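Good morning, and thank you for the time.

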Amino acid sequence: MNVLITGACGFVGSSIARYLLEANESIEVHGIDNLIRRGSETNRDDLIRRSVRIRHADIRIPSDLAAIGDVDWVIDAAAMPSVLAGVDGTVSATQLVQHNLVGTLNLIEFCRERNAGLVLLSTSRVYSIDELNRIPLKVVSDRFAIDGDGPGVTGAGIDESFSTTAPISLYGATKLASETMAIEYGLTYDFPVRINRCGVIGGAGQFGRADQGIFAFWIHSHLRKKPIRYIGFGGSGHQVRDCLHPRDLARLVNDQIHFSGTKKPGIVHVSGGIESSASLRELTRWCDDRFGLHPVIAGDESRTFDVPWVVLDSSLAKDAWSWKPDYAIEDIFEEIAQHAEANPTWLELSL
């Protein structure tokens, strides 16, 4: 089997590449990356040592893709992964759309031309910000918790039926549009499409940024005694996210590319779930126990795209693919902590 991974030198793409090579004796992994993310060159060197065929290429440029031969599957892990992309001044809205939508459309065409399957990695941020803010919550100990069910909300989290009505952010809109086009192309031209809406992904070697790898950013920053802030929601740190290890995602992707049937849901949640979720305050307490006390600044400001509670219910993935995460959140935190201790300049490398 020949597999192409886009964004192969990123944290998630490189993790999937390593897992596929370990899990399969007869697989050839190709990777492309434009290497604009600081730190990605460290993954490139490691993947080359593992015989991954890495090509410097940009999915926004069709001619870059045209030079790649036939493959059986494309795993799209290339994206600007921040909900703040296009509005925080680091990239323009046009750049965001070109990366996350136009680039994906080029990949979809690539799959159509080669009759290759597509695994599209999507996000929890395709869901309506207004509706997320309407989820009834209460404070339990050091976190927000659901205070009653609602449309698309169960005791296990948000399911795939939750509202995707705007506003969802420019970032969320590019991912939702990519999902729609991928599904329509797959149905029209008869090639398999799998869409995995992921929760927050975390683990050792992640490029820690507050808007992307929040768990890695927080742990690295706490250890180095860097300033960290509770932003929004009264500066309480009660906001909650679930945490998913990339190898748990990679295990599902491996099953998806080896499944030859058709009777599987097109979109599933892939997340740590309630059991692997934490608030920022809980994460701080874990860091205080692990590294010693470090004060957190409580900020009164709020940001447009912030939401207090997002935990994905992955019951559909469990039912359809017999999948559930193996990594507990405490193990993920400890893995990040050990990496932070061994790499004192990691924040500077990745920011």
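The axes of helix H7 (residues 214–223) and helix H11 (residues 329–342) come within 9 Å and cross at roughly 50°. H7 is therefore oblique to H11, the term for angles that are neither under 35 degrees (roughly parallel), nor over 145 (roughly antiparallel), nor 65 to 115 (roughly perpendicular). Axes here are lines fitted to C-alpha atoms, for helices over the stretch in contact, with angles from 0 to 180 degrees between N-to-C directions. Helices (H or I, at least four residues) and strands (E, at least two) are DSSP runs, numbered from the N terminus.

Before going further, I note that this is a predicted model: local features need pLDDT of at least 70, side-chain atom pairs count only at pLDDT 80 or more, and totals for chains, interfaces and linings use all residues. Residues are numbered from 1 along each chain as its sequence is written, and side-chain values use heavy atoms, with hydrogens and water left out.

On the H7 side, Phe215, Ala216, Ile219, His220 and Leu223 are in contact (heavy atoms within 4.5 Å) with Phe333, Ile336, Ala337, His339, Ala340 and Glu341 of H11. These residues divide into 8 nonpolar, 2 polar and 1 charged; Ala, Val, Leu, Ile, Met, Phe, Trp, Tyr, Cys and Pro count as nonpolar, Asp, Glu, Lys and Arg as charged, and the others, Gly among them, as polar.

How many residues of H7 are buried? The count is 10 of its 10, where buried means under 20% relative accessible area, exposed over 50%, and partly exposed in between (1.4 Å probe, protein chains only). The buried residues of H7 pack against strand E11 (200–201), strand E12 (229–231), strand E13 (240–244), helix H9 (280–291), H11 and helix H12 (346–350). After H7 comes Lys225, with a positive phi near 60°.

Within H11, we find His339. His339 counts as buried because its relative accessibility is 15%. Beyond residues up to four places away in sequence, His339 touches Ala204, Gly205, His220 and Trp346.

The axes of H1 and helix H2 (residues 40–49) come within 10 Å and cross at roughly 10°, so H1 is roughly parallel to H2. Their crossing is left-handed. Phe11, Ser14, Ala17 and Arg18 of H1 make the contact with Asn43, Asp46 and Leu47 of H2.

Finally, Asp159 lies in the loop between strand E9 (157–158) and helix H6 (169–189). Asp159 and Val268 are 109 residues apart in sequence, yet 8.8 Å apart in space, C-alpha to C-alpha.

Terms used
Left-handed = near helix turned anticlockwise from the far one by under 90°.
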